[in-house]
Amino acid sequence: MNINFDRIRYLVSVQKWQKVKRPFLAARQIIAQVGMPNLLFRCPLSPNWPFLARHYLLPWLTHHAKILTGKRLKHSRVCRIIVVFSMMHVALIFAQNTSSESSILILNTDKSVAKYSIAQTAFERSVKATCTTFDLESNWVGEVALKELIDNTEPDLIYCIGSRSSILASRLENNRPLVVSSVLNWQRIPFAGNVYGVANELTPKTQITMALYLFPKMTKIGVLYSKKYNEEWIQLATSEGRDRGIEIVSCDVLNSRDVSRNLKILQKKVDALWVIPDPMVMASRDQVLTIYKNCDLSKLPIFAHDPVYADIGAVTVIAVDIPTIGRQAAGLVDDILQGKPQPQRFQNPVGTKIIVNLKNIEKYGLKFNEKALGIVTRVIK
Amino acid sequence: MIVCNSSILNTFRSEVFAVSLRWLTLVLLLLLVVSSGFADDLTPAVGTSFLTFYSPETNINNYGLLKGEFDSYFAGRGNFEFQPFSDSSNFDTFVKKKMNCALMIYSRYYQRIGEKIDIKSFLVGTRGRKSTQKLVLCAENSIQSISMLKGERVAIVASREYTTKLLIEILGQQQISLIESLEFLVVPNEIDALMAVGFGVVRGALTSDYNLANLAEISPKDHKLLNRLATSNDILLPLIAARIPNNANTEKLINIIEDMGNNLEGRRRLNMMNLDRFQKLSDADMQILARSTSRGTDQ
């Protein structure tokens, strides 16, 4: 730790406290000759400063002053030196505050939910700032109490995990920057300009790239979707697929009956079905199970987006890696606090978690790139 | 009176019995506690040879998968167990304690562990018929030189500490301030790291030349966005080493590992570690190993 004497001298000159000058020089001389007491180095911000001064610094200074000057310093002079040391201490605090870590308030929607908890842990391990955490679910609070919490904590930035905390915080806080993650389909929420984040869904580009890496021979992938919810997404997927030599055959569904009918049409045309989180397609549990059952009967492999579908027959799950989301959010927070410009308000998640069902791959007779097993997190046999 | 005496006797007997029972329980408990101290040595079947694995070079997030898969492969082939480690100190302690184990480690770690115990390398992993790989530091096209990467975020798959050491080796000591200025984003695999550059989340990525070539095949557009800034020397893929003198069971384990690349089930397990097979070290491999150990990079 370096002591900024210029800063202290500046403080002294500004306050025109001439009496301090001489003892200040004495203190500086002592420090130069014998070094600062270890205790000062170890706990410069100790709240027990008066105690340390009385019981540690006073005898220390008196002792060393006597060694250096050969004279016993007057008590009043020693006291003045202590005042100077106190000023140094204040200056140290001041200097540390200016370069100190920023503080962050983490608002977790529900820490008992595994994905939120994992994101928080990864975030806390990576972020440089000091974190205060608050779990909305276990401390059931209303808007007023939350506003009070934010005002009392005075964080430099708020990191929200999950939709509920993100929506609530964005409603209450318009000035401080907010970073959000684990928010389903963030585009549907009218976030203000102070909100940044990491999206919760992998882009079509990532999913197609990974699917192609695992199954290089696939050329046609079918998608059931509703125009109402996923028109833009399907356009993006079609364009990304075209770039990689994959044809995305999409079928628009208007209601539940359409799902079965269009599935039958798609089954004849495509090498695999990509089941996306579309509210119309995945309207009910039964409907989802029917899709999986029909595809299994016709040996049509399914690519899914969530690990939960691995156990009901999806051949491959290409899901988002939650710890990476936490680490990305930490990086975003550090950048914002350092004042780095953000080219995009929401980052795409870049970590993937891949599950492969080798049992179904063999059952359907699919050509699978065995060398891609290196990126697989879980194998079902 | 007799009844009374016998009842006293019975009470006395039952008390003696209760006391002895208590003592017996205590002795049994003590035995249990004492024996649990040796549990580590006793739990595996006698004569079990371990294939221990530690890799600071990769962000392994599938230890459970690897353990299950390798154990099931070894199950029908003898008394062997796969033991992966995420922490170097636990790995070191385990390896020091067990004589009957083979080690799956990268060449950099081979030197470090070799300073503590006597080990010998037997096999080296191969991928695409090559036993070496190069690490490549690449960045988005707008970054034309290393100096332009200062203070930027780079996607990596290894630990931060390990990556820093690796970058010092690739870029040289003169770039140490630049390396220290870098921010890192740890991602699950190298394809993710390379694609993160395309998404603008990071400005650079440190990956193997093998996965850079893979990206060129599966996403040529993303590959075109990348610019190679620096490349490492040849680095050996994981080695299979064993403590010397090794016992017959460990030798058998090494033979089984060597044979893994010859059957589908074995090859699949190796593919999970981004390898095709293990083979004996050639003279060229030995030279690379000697070079990397003489450089003295640890961990």
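**Ground rules**

I'm working on a predicted model, so local features need pLDDT of at least 70 and side-chain atom pairs count only at pLDDT 80 or more, while totals for chains, interfaces and linings use all residues. Residues are numbered from 1 along each chain as its sequence is written, chains are lettered from A and ligands numbered from 1 in the order in which they are written, and side-chain values use heavy atoms, with hydrogens and water left out.

**The two chains**

Chain A comes out with 14 helices and 13 strands; chain B has 13 helices and 13 strands. Helices here are DSSP runs of H or I with at least four residues, strands are runs of E with at least two, and both are numbered from the N terminus.

Next I checked burial. Chain A has 381 residues, of which 51% count as buried. For chain B the figure is 50% of 299 residues.

Then contacts, meaning heavy atoms within 4.5 Å. In chain A, 68% of the contacts with a separation of 6 or more come from residues 24 or more positions apart. In chain B, 77% of the contacts between residues at least 6 apart join residues at least 24 apart.

**Cores**

I searched for nonpolar cores, that is, sets of buried Ala, Val, Leu, Ile, Met, Phe, Trp, Tyr and Cys residues joined through side-chain atoms within 4.5 Å. The largest has 100 residues, and Trp274(A), Leu51(B) and Phe70(B) have the most contacts inside it. Apart from that one lies another core of 26 residues, including Leu263(A) and Val288(A).

What does Phe70(B) touch, leaving out residues up to four places away in sequence? I found Leu51(B), Phe82(B), Met104(B), Met260(B), Arg269(B), Leu270(B) and Met273(B).

**The A/B interface**

I counted 37 residues of chain A in contact with 37 residues of chain B. The two chains bury about 3200 Å² between them, 50% of it on carbon and sulfur atoms. Buried area is the accessible area (1.4 Å probe) that two parts lose on being put together, summed over both. Tyr213(A), Val350(A) and Lys371(A) supply 18% of the area that chain A buries against chain B, more than any other three residues.

I also ran the salt-bridge rule, which wants a side-chain nitrogen of Lys or Arg within 4 Å of a carboxyl oxygen of Asp or Glu. The rule finds ten across this interface. On the chain A side, the elements giving two or more residues are α9 (204–214), α13 (322–337), α14 (358–364) and β13 (378–380). Of these, α9(A) gives the most, with six residues.

**Arg268(B)**

I kept coming back to Arg268(B), in helix α12 (residues 264–271) of chain B. Why do I call Arg268(B) buried? Because its relative accessibility is 6%. Arg268(B) touches Leu358(A), Glu362(A), Glu370(A) and Leu373(A), again without residues up to four places away in sequence.

The side chains of Arg268(B) and Glu362(A) meet in a salt bridge, at 2.7 Å from N to O. That pair crosses between chains, from helix α12 of chain B to helix α14 of chain A. I noted another bridge between Glu265(B) and Lys381(A), at 3.7 Å. These residues belong to a network of salt bridges linking Glu362(A), Glu370(A), Lys381(A), Glu69(B), Glu265(B), Arg268(B) and Arg269(B).

Glu143(A) lies in helix α7 (residues 143–153) and Arg171(A) in helix α8 (residues 163–172), so the pair ties together parts that are 28 residues apart in sequence. Glu143(A) is partly exposed, at 33% relative accessibility.

Back to Asp311(A): its side chain meets that of Arg378(A) in a salt bridge of 2.8 Å, N to O. The pair links distant parts of the chain, with Arg378(A) in strand β13 and Asp311(A) in the loop between β9 (302–304) and β10 (316–320), 67 residues apart. Arg378(A) is partly exposed, with a relative accessible area of 33%.

Conventions. Buried < 20%, exposed > 50% of the residue type's maximum accessible area, 1.4 Å probe, protein only.
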